[in-house]
Amino acid sequence: PRAILTRARSLPRARTFSPPSMGNIIVSPPNEAAIISGCRGTRIIIGKCTFQFWIFETCKRLGLELMTISVQSRSAETAKGVRISLSSTAQIKILTGHDTKVDLDKVELAAQHFLGYTRDEIQHAVHRTMEGHQRQVIGTLTVEELYKDRASFSTRVKELVDPDLQNMGFELVSYTVTDIDDQEGYITALGATQTAAVKREAEEGRARNESAARVTVAKAKSEAQIAEAENARNASVQANAFAASEASSLRDLNLKQQEYQREVNEATARAEAALRIETAIQDQKVIKQKTLQKVEEAAVMLQVTEKEVERMKAEAEGESGARLLTQRNESESLKVAAEAEAYETRQKGLAHADAVKAQGDAEAAVIREKVAAYPRYADERMIQIVMNEMPAIAEKVAAPLKNAGKMIFVSGDGTGPSKLTTDIGNIMSGLPDTVETLTGLNIKNVMKRLEGDGALKAAVDATD
């Protein structure tokens, strides 16, 4: 293997053939235009590559980047002769078209003016153009217009400079004013005036706001006080209405209570009156029943007298028959001893009954005899019964006076105690009328008749 390697190294190398160079390959980035001119004319390459012949063609490049230019106008006179210094910033680029498609004719126009220039030389040329137009626009405006409306100033500069830049193959992308100043203090005074005006307006606004706030607060307090007073008034009205309603309710309640009390009093009075009337009626009935009872007792006594008479008569007859029966019984005693005892017992009972009957018949006969002898016996007997009850009636009438522990008489003539006994006498004097009402018996007439017939009254007393 070492021999083979040594042999390989000893072999001669082969020659390489290189064709002769005729030109260059030109490559252009998107932000740069390669302008090739020569025997084949002028070609502009952007973002592409191409072949350039030597000797017959040349290639130069033109930058398409955005250029920022600071434009300063020193001691530029305004429309009123005020010198100011204005600084602005402009963004400028080579005109390539407004759409995404590149307009090579416009790039060729810029190349005609600035091909071979450095970037600083191009910026200087454009700066001089921009400054001239900027001064021109400044001379047509006042400081106040520049100070207050910078956007309008920028628009007018752009409108004025665009045609010249396009003729140069450039376009103004943006233009803004960065600073406005002067050496005489005009803008400072204007700013001070404006500041003072603004401060004045601010003070006025603050004063108006404070005044409005105070007015609002006062109004709110007033409305609050009014609302509070209104609420207090409504509360007072409601309280008064409630008090009036409560008073009306109490009045109605008192009226109702008084009405109910009046009805109760009337009912109580009616009940008490009815009780007194019923008591008087019952008293009258009691007196009537007592009188009737006395009458019945007189009638019963009359019957008892008659029965007594009959009994006495029967008793006399019974004694005679008893003696006869005794003799008969004695004669037959031996024969009917046992029957005699029973018969005797039975006969005793019958004899007792007959005796009672005979006594009653006798008393009745006596009474009939008295009636026959004295035709008005029943009336006198009734009067006698009533007269006998007069003390008891008087005692009942005067009975409530026993319950009085102490009596005070008020009288101007000293007749108070006598009037009390007179009232009792008056009550007793009305008894004959009551008896007449209950029984129909006129005691006064009978008494008058008895006064005229003294012998008859004595006979009745003797009979009783």
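**Ground rules.** I'm working with a predicted model, where local features need pLDDT of at least 70, side-chain atom pairs count only at pLDDT 80 or more, and totals for chains, interfaces and linings use all residues. Residues are numbered from 1 along each chain as its sequence is written, and side-chain values use heavy atoms, with hydrogens and water left out.

**Entry 1: the count.** I looked up the salt bridges (a side-chain nitrogen of Lys or Arg within 4 Å of a carboxyl oxygen of Asp or Glu). The structure has 15 of them.

**Entry 2: Arg40 and Glu57.** I found these two side chains paired in a salt bridge, N to O 2.7 Å. What does the pair tie together? Arg40 sits in the loop between β2 (32-38) and β3 (41-46) and Glu57 in strand β5 (residues 57-63), so the bridge links parts 17 residues apart in sequence. I noted that strands (E, at least two residues) and helices (H or I, at least four) are DSSP runs, numbered from the N terminus.

Next I checked exposure: buried is under 20% relative accessible area, exposed over 50%, partly exposed in between (1.4 Å probe, protein chains only). Glu57 is buried at 3%, while Arg40 is partly exposed at 42%.

**Entry 3: inside helix α6.** I looked at Glu204 and Arg208, whose closest N and O atoms are 3.7 Å apart. Both lie in helix α6 (residues 186-332), four residues apart, about one turn. Arg208 is exposed at 51%; Glu204 is partly exposed at 32%.

I also found Arg233 bridged to Glu230 at 2.4 Å between the closest N and O atoms. They are three residues apart in helix α6, about one turn.
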